[in-house]
Amino acid sequence: MQKTVPPTENKMGTMPVNRLLVTMSLPMIVSMLVQALYNIVDSAFVSRISEDALTAVSLAFPVQNLMIAIAAGTGVGINALLSRSLGEGNREAANRAAGNGILLGFLSAAAFVLFGCFFSETYFRSQFSAKDFEQNAVQCEAIISMGTDYLRICCIFSFGIFLQIVTERLLQSTGKTIYTMITQGLGAIINIILDPILIFGYLGLPKLGVAGAAVATVTGQLIAMMLGFVFNHAKNKELQLSPAYLRPHGRTIRTIYSVGLPSIIMQSISSVMTFGMNRILLLFSSTAVSVFGVYFKLQSFIFMPVFGLNNGMIPIIAYNYGARKKQRILATARLSVFIAVGIMTVGLLVFQLLPGPLLSIFEASGEMLAIGIPALRIISLSFLLAGYCIIVGSVFQALGNGVYSLIISIARQLAVILPAAWLFAEIFGLGAVWFAFPLAELVSLALSTFFLRRIFRIKLKDMESEENIIN
């Protein structure tokens, strides 16, 4: 028999919204900042090997981003279903969501193991044209060799990142975000410590180069994954992770992917965009690719806190949607937008005022500085709009309408960024390519606002309001 509990037993339905959002998000923002620091430090160490090594890691990024897209998108579906089930008092459905989520993490990782074993080199060779080999075959082969070694290791041990993210989403769904801060933070710190040791062969260990960066990455992920299972077993008493719930349950999996699949596709589109941008930039030089890769590492320090805010916001909105508390949903969304725009404003100022010092972290050559300084200033013009659009997209996901986020992402990255970047490259040259990003964000702003008004009108207008909200 289904066991029900009053939804107000969980703090997501009772704690004042301002304090709840801070409580839920702050640990994840901190852990995301540590993750962002790892991204920067990791590439900074790789850049000390050579610029070609940095290019190799940059070219591997679309596949790594695809892993994260599938894991995080599945996590969004798990998070929304699990939080909504708890809000409705349905523990059985919550347990099935958790168990099937773990199963989906295993199956997704298995697919990347196969890709890593058999297609890593093919993927790297596909990014170079015959003309590239004619111009500098030695450089192309060096990048392919280093990149293949790096990507193969990351893929073969990808179950670490998949199950780390799944176990963290289970903790987030029940409001135990402090433990996700520990798992993410410890994994990133271990990665940072191991990077120089394994890349340069300190403490008597062999010098592994780019492969050492990959080993450091997967080691941190595996430790974070194991810690995530420990915390869920010891601290997450609202869920029962028994083997019975690992059995596939069709309706649960369909519900997870009804929300998660648009998120997966949406984030996977970013991999397609990055792959396409790399191909466009290779028409100019491998240094331009390195600049684009460095930009992604640097911008993560600005975007990661917003994603941490998202991770705290989604279960709050999903829970209160299940509990039919309209005013808590609205208050959470407004506050999240305000904080996100504030974070992005800081990022805009940093990128506008300090592009040279930021690039110097990565041993930037004169050519990289010449390309990178205007690139960072131009792309960062999109930051303010991006903060609003990211939050709104996550509201769609929390309310079970992730397809809106998918439409916006397709329009932004495939219909605007890539065509505009190619057109600007053909007509105006490399310096104009970067204007594709602020242009795309304007399109995203218009679509996000349109869909936000629509979903609030359709889904929330008849919802019973909670009168006594303590802000």
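Me: Cys140 first: buried or exposed?
Reply: Cys140 counts as buried, at 4% relative accessibility. Buried here is under 20% relative accessible area, exposed is over 50%, and partly exposed is in between (1.4 Å probe, protein chains only). Keep in mind that this is a predicted model: local features need pLDDT of at least 70 and side-chain atom pairs count only at pLDDT 80 or more, while totals for chains, interfaces and linings use all residues. Residues are numbered from 1 along each chain as its sequence is written, and side-chain values use heavy atoms, with hydrogens and water left out.

Me: OK, switching to confidence. What's the mean pLDDT?
Reply: The mean is 87, and 95% of the residues reach 70 or more; pLDDT is the predictor's confidence in each residue, from 0 to 100.

Me: And where does it stay under 50?
Reply: Residues 1–8 do that, and the model has 14 contacts for them beyond four places in sequence. Residues 465–471 are also below 50, with twelve contacts beyond near neighbours in sequence. A contact means heavy atoms within 4.5 Å. Where pLDDT is low, the predicted coordinates should not be read in detail.

Me: Which helix has the lowest mean pLDDT among the elements?
Reply: H1 (residues 17–47), at 82, whereas H12 (residues 366–379) has the highest, 95. Helices (H or I, at least four residues) and strands (E, at least two) are DSSP runs, numbered from the N terminus.

Me: What does Ser43 touch?
Reply: Ser43 is in H1 and touches Leu54, Lys297 and Phe362, leaving aside residues up to four places away in sequence. Ser43 is buried, at 1% relative accessible area.

Me: Last one: at what angle do H8 and H9 pack?
Reply: H8 (residues 250–282) and H9 (residues 286–322) pack at about 145°, axes 7 Å apart. Axes are lines fitted to C-alpha atoms, for helices over the stretch in contact, and angles run from 0 to 180 degrees between N-to-C directions.
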